[in-house]
Amino acid sequence: SSKARNLEVKSADNVAVLEDCIDYSLAKTISKMEGKLEKGGLPGYLADDTIPSAGNEMGAETQLRFLKAKLHAMQEELESVMIECGKKDDENQNFKSRLKDTEEENTRLQRTISAQRSQTEKYKMLSQEATRKSEELQQEVIALQKVLQ
């Protein structure tokens, strides 16, 4: 588990943390990179990951243009991801709204079912009582017919 923790720490070194982004400015970052390029090429970590192997043979201006082009491409990709994220948020809100409507409809239908069940029980009892009275009256009719005969 200690190896896993070390891997997590090492992988977090290349991740932007909120504290790093508080005073973040794209213009500052670009100007810092330009300054580093003018002083003596790219730092080792950028040369390995960002610039292809032929980048060591490129001049500072070419490296700068390459990095600016890569930055532009990444900004476009970020913008498209943000648009997609916005669409997903809208879709999520739509689903939440539909879920809320469905839950309200379900609650309403449950109340209706409950009311109908109680009415059904009431009518069953009335029917049983009417059947009982009918049987009593039939017995009375039979008794009266016997008396008349």
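Which residues of H5 are buried? The points below answer this and describe the rest of the predicted model.

1. **Basis of the note.** This is a predicted model, in which local features need pLDDT of at least 70 and side-chain atom pairs count only at pLDDT 80 or more, while totals for chains, interfaces and linings use all residues. Residues are numbered from 1 along each chain as its sequence is written, and side-chain values use heavy atoms, with hydrogens and water left out.

2. **Confidence.** The pLDDT is the predictor's confidence in each residue, on a scale from 0 to 100. Its mean for the protein is 79, and 68% of the residues reach 70 or more. Confidence is lowest in helix H1 (residues 2-12), with a mean of 43, and highest in H5, with a mean of 95. Over residues 1-22 the pLDDT is below 50, and this stretch has two contacts in the model beyond near neighbours in sequence. A contact means heavy atoms within 4.5 Å.

3. **Overall architecture.** The protein has five helices and zero strands, and from the N terminus on its elements run α-α-α-α-α. Helices (H or I, at least four residues) and strands (E, at least two) are DSSP runs, numbered from the N terminus. Among contacts between residues at least 6 apart in sequence, 37% join residues at least 24 apart.

4. The accessible surface comes to about 13,300 Å², of which 54% belongs to carbon and sulfur atoms. Such areas come from the Shrake-Rupley method with a 1.4 Å probe; for residues, only the protein chains shown count as cover. A residue is buried under 20% relative accessible area, exposed over 50%, and partly exposed in between (1.4 Å probe, protein chains only). Buried residues make up 7% of the 149 residues in the protein.

5. **Helix H5.** This helix covers residues 60-148. It has 89 residues and reaches 128 Å from its first C-alpha to its last, close to the 132 Å expected at 1.5 Å a residue. The expected span is 1.5 Å times one less than the number of residues. To answer the opening question, the buried residues of H5 are Gln63, Leu64 and Leu67. Ala60 is also found in H5, but Ala60 is partly exposed, at a relative accessible area of 36%. The C-alpha atoms of Ala60 and Lys39 are separated by 9.3 Å, although the two residues are 21 apart along the chain.

6. **Salt bridges.** A salt bridge is a side-chain nitrogen of Lys or Arg within 4 Å of a carboxyl oxygen of Asp or Glu. By this rule the count comes to three. Arg108 pairs with Glu105, the closest N and O atoms being 2.5 Å apart. Arg132 and Glu136 meet at 3.0 Å, N to O. Lys133 pairs with Glu129, with 3.8 Å between the closest N and O atoms.

7. **Spacing of the pairs.** Arg108 and Glu105 lie three residues apart in H5, about one turn of the helix. Lys133 and Glu129 are four residues apart in H5, and Arg132 and Glu136 are likewise four apart in that helix. An α-helix has 3.6 residues a turn, so residues three or four places apart point the same way.

8. **Exposure of the pairs.** Arg108 is partly exposed at 41%, as is Glu105 at 36%. Lys133 is partly exposed at 44%, and Glu129 is partly exposed at 36%. Arg132 counts as partly exposed at 42%, and Glu136 counts as partly exposed at 46%.
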